[in-house]
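Thank you all for coming. Please have the sequence and the structure open while I talk, and turn the view along with me as we go from one part to the next.

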Amino acid sequence: TDVLTQAGKLAVAGNATVAASTQGLVSIIKAYSLSAADAERVSDALFQAQKLGITTVGALSANIGKLSPIARQAGVGFEEMLAAVSALTAVTGLSTEEAITALRQAISAAIRPTEESAKVVEKLGIQWDAATLKSKGLLGLIQQLNKEGIEPSVDEMAALGGSVRGFVGLS
């Protein structure tokens, strides 16, 4: 199956344009160094994210290119990445763009911790680093903040999320 054929199918299933569907497919295929033969698998993951989240194929396709390169660099698979976006939109009510921004900044803070975020992690007694991201996954990393007894302040959340925009999705 070629990318354009799959984009057409995704457009129909996801009520999106072929151009938008192509953009989403190509963004993920390029970021993850996949081949056109993987287009169906990527398409299925995009459709599943729409189905389970409060998002659309169009919104995912327009924004996923902001997240997929850093997610791949951090060892987060595209299915997991899309599942995390879907979960954040469904659980927190964030827009797709906000969820992607929050996840991008959370991953960035995990793989390139600042002195400030290292202090917050130590104070909260959680693990927020590349090794934890690989072992617990993206949602596992973020779910640490929802454990009983962990109540980070706004400033602490901003340190872990990389900014206030990142904080919004983690709380």
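Predicted model: local features only at pLDDT ≥ 70, side-chain atom pairs only at ≥ 80, totals over all residues.

Let me begin with helix α7, residues 96–111, and helix α9, residues 130–143, which pack at an angle of about 155° with their axes 11 Å apart. Because angles over 145 degrees count as roughly antiparallel, α7 is roughly antiparallel to α9. As for handedness, α7 passes α9 in a right-handed crossing. If you want to find the contact on your screen, look on the α7 side for Leu103, Ala106, Ile107, Ala110 and Ile111, and on the α9 side for Ala130, Leu133, Leu138, Leu141 and Ile142. When these residues are sorted by class, the contact of α7 with α9 has ten nonpolar residues, and no polar or charged ones.

The crossing of α6 and α7 is right-handed. The contact is made by Ala84, Val85, Leu88 and Thr89 of α6, together with Thr96, Ala99, Ile100 and Leu103 of α7. By class, the residues in the contact of α6 with α7 divide into six nonpolar and two polar, with no charged residue.

From α1 the contact takes in Val3, Leu4, Gln6, Ala7, Gly8, Leu10 and Ala11, while from α2 it takes in Val18, Ser21, Thr22, Leu25, Val26 and Ile29. Those residues of the contact of α1 with α2 divide into nine nonpolar, four polar and no charged.

Next, the loops on either side of α2. Most residues other than glycine have a negative phi, which is the background for the next two residues. Asn15 is in the loop between α1, residues 3–13, and α2, residues 18–31, and Asn15 has a positive phi of about 50° although it is not a glycine. Ser33, which is found in the loop between α2 and α3, residues 39–52, also has a positive phi, near 50°. Are these residues buried or exposed? Asn15 is exposed, with a relative accessible area of 74%, and Ser33 is exposed too, with a relative accessible area of 53%.

For a contrast, let us go to Asn63 in helix α4, residues 57–63. Asn63 has a relative accessible area of 9%, so it is buried, since buried means under 20%. The side chain of Asn63 makes a polar contact with the side chain of Lys66, at 2.9 Å.

Finally, consider the loop between α9 and α10, residues 154–161, where Pro152 is found. If we do not count residues up to four places away in sequence, Pro152 touches Leu124, Leu145 and Met157. Pro152 and Val121 are 31 residues apart along the chain, and their C-alpha atoms are separated by 9.8 Å. Leu145 has its place in the loop between α9 and α10 and is buried, with a relative accessible area of 6%. The C-alpha atoms of Leu145 and Ile126, 19 residues apart along the chain, are separated by 8.1 Å.

As a last stop, Glu115 lies in helix α8, residues 115–124, and is exposed, with a relative accessible area of 65%. How far apart in space are Glu115 and Ala13? From C-alpha to C-alpha, Glu115 and Ala13 are 46 Å apart, and in sequence they are 102 residues apart.

Technical notes. Residues numbered from 1 in each chain as written. Heavy atoms only, no water. Helix = DSSP H or I, 4+ residues; strand = E, 2+ residues; numbered from the N terminus. Buried < 20%, exposed > 50% of the residue type's maximum accessible area, 1.4 Å probe, protein only. Polar contact = N/O pair within 3.5 Å; in protein donor to acceptor, adjacent residues only side chain to side chain. Axes fitted to C-alpha atoms, helices over the stretch in contact; angles between N-to-C directions. Parallel < 35°, antiparallel > 145°, perpendicular 65-115°, else oblique. Left-handed = near helix turned anticlockwise from the far one by under 90°. Contact = heavy atoms within 4.5 Å. Nonpolar A, V, L, I, M, F, W, Y, C, P; charged D, E, K, R; others polar.
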